[in-house]
Amino acid sequence: MGEAFDRTTRAIEVDRSGRSVLALAIGAALLIVWVGWMTLARVPVRAVSEQARIEAALAPREVQAAVTGAIVGIEVRLGDPVRQGDPLVRLDDAAARAAVADAEAVRDGLDAQTERLTSTRGALAGVAQLDAAARSSAAAAARADADQGRIAAQQAVAEAATAEALAGSGAIGAQELDRARSDARRLELDAAAREQVWRQLSSERAGGERGGDVDLGRLDQELADLASQRARAEVAASAARAELARHTLTAPVDGRVGALAVREVGGVVRVGDAVATIVPDGALRVVAWFAPATALGRVAPGQAARMRLDGFPWTTYGAVPARVDRIGEEPDERGRVRVELAVLPEDDAAVPLRHGLPGQVEVEVERVAPATLILRAAGRRSP
């Protein structure tokens, strides 16, 4: 029985020895794995900013009052989408509308005068043309008549000369000679009278044309004066319309109403008062502020980043992927470095991104071995 006990004791010792060897082997293996992970694995090192927010890539546009006036209409609410030119706030424009009506009435009155004077000039030009045609026709007829009278007188004078020659030879009597001379004298007087008529009609035609030209010139000058007055009236009307337009504040770009400084009808705004802010449509970006020691020399364009939105737990909604785009070179007045990041597109984004959403940003600046991190934490540099 004692021999059996000894065998049992030796078996237990052998079993313990085997377990110890196995434990040592497992421990050694784990140590090797741990050392390998500490030296060969790479973990990300991130620069973190607790102050970040999403902004529109285009700067928000502030809408200021161009005139002083009472608010008579508020056409939008905070957050409403707007298109460029949509009315935002209307100011009392009764006086401006009256000024536009007065200026346009003056312009329209000048237009009516111009139309009447143009019609008068057209009629006068027509009459002058007809009168000139009639005078020209009468002068032409008188010229032809004078030419005929001159030819007849010339023939009569020739016949009288022939009669004198015949009378000298005794071929004709004194009575026939007197008749030939009398006819020549009569036809010469008649030709002179016809010539006088032609010259008189020609003079009247020239005088009529000059008179018509004077009248038309006077009307042309009046039309030129009216055109000048009309141009000045149109300038005044355009200025009045521009002043009227300034009483309606409109959206400068497509976007959303990011801020609305007016709340109720009846209030008064003055020139330069901020009335609303429009956040333009388009791409979004992330703007983060880092401590200089965290960002300078470490954060660089192209580095991957992510943003965790305040109010949207990242375990439920995930993080917004981003990429470093620009880095400020000098800290601002609060000692922070501005970093701008491009928002990367997502097909199934859990949160609709909007201008102004705050959060925290993490930028992956490098990947190092865990052992390096331990050495850095201990204040030592890695070998």
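Entry 1. I note here that the model is predicted.

Entry 2. I looked up the overall make-up of the protein chain. The secondary structure comes to six helices and 14 strands. Of the 383 residues, 26% are buried. The chain exposes about 23800 Å², and carbon and sulfur atoms supply 55% of that area. I also checked how far along the sequence the contacts reach. Among contacts between residues at least 6 apart in sequence, 79% join residues at least 24 apart.

Entry 3. Which strands close into a barrel, and in what order? I traced six of them, in the order β1-β10-β13-β12-β11-β14, with antiparallel pairing. Neighbouring strands of this sheet are turned by 40 degrees against each other on average, with direction ignored. I then followed one pair in detail. Strand β11, residues 304-309, runs antiparallel to strand β14, residues 358-368, and five bridges hold the pairing. Within this pair I found L309 opposite G359 of β14. For the record, strands of a sheet pair through backbone hydrogen bonds.

Entry 4. I went on to the nonpolar residues. The largest nonpolar core has 24 residues, and F290, V299, M307, L341, V361 and V363 have the most contacts inside it. The elements giving two or more residues to this core are β1 (43-56), β10 (284-290), β11, β12 (320-327), β13 (337-343) and β14. Apart from this core lies another, of 19 residues, with A65, V82, V275 and A276 among them.

Entry 5. I picked L341 and listed what it touches, leaving out residues up to four places away in sequence. The list holds R285, V286, A288, A305, A322, R323, V324, D325, V361 and V363.

Entry 6. How many salt bridges does the count come to? I noted 23. I returned to E362 and found two arginine partners for this side chain, R46 and R306. The R46 pair has an N to O distance of 3.9 Å. This pair links distant parts of the chain, with R46 in strand β1 and E362 in strand β14, 316 residues apart. The R306 pair has an N to O distance of 2.8 Å. Here R306 sits in strand β11 and E362 in strand β14, 56 residues apart.

Entry 7. I checked another salt bridge, between E234 and R241, where the closest N and O atoms are 3.0 Å apart. E234 is partly exposed at 22% relative accessible area, and R241 is partly exposed at 31%.

Entry 8. Back at R306 and E362, whose side chains meet in a salt bridge, I looked for salt bridges that share partners. R53, E55, R285, D325, R326, R338 and E340 are joined into one network this way.

Key: Residues numbered from 1 in each chain as written. Predicted model: local features only at pLDDT ≥ 70, side-chain atom pairs only at ≥ 80, totals over all residues. Heavy atoms only, no water. Pairing = 2+ DSSP bridges. Helix = DSSP H or I, 4+ residues; strand = E, 2+ residues; numbered from the N terminus. Axes fitted to C-alpha atoms, helices over the stretch in contact; angles between N-to-C directions. Core = buried A, V, L, I, M, F, W, Y, C linked by side-chain atoms within 4.5 Å. Buried < 20%, exposed > 50% of the residue type's maximum accessible area, 1.4 Å probe, protein only. Contact = heavy atoms within 4.5 Å. Areas by Shrake-Rupley, 256 points an atom, 1.4 Å probe, with all protein chains shown as cover. Salt bridge = Lys/Arg side-chain N within 4 Å of Asp/Glu carboxyl O.
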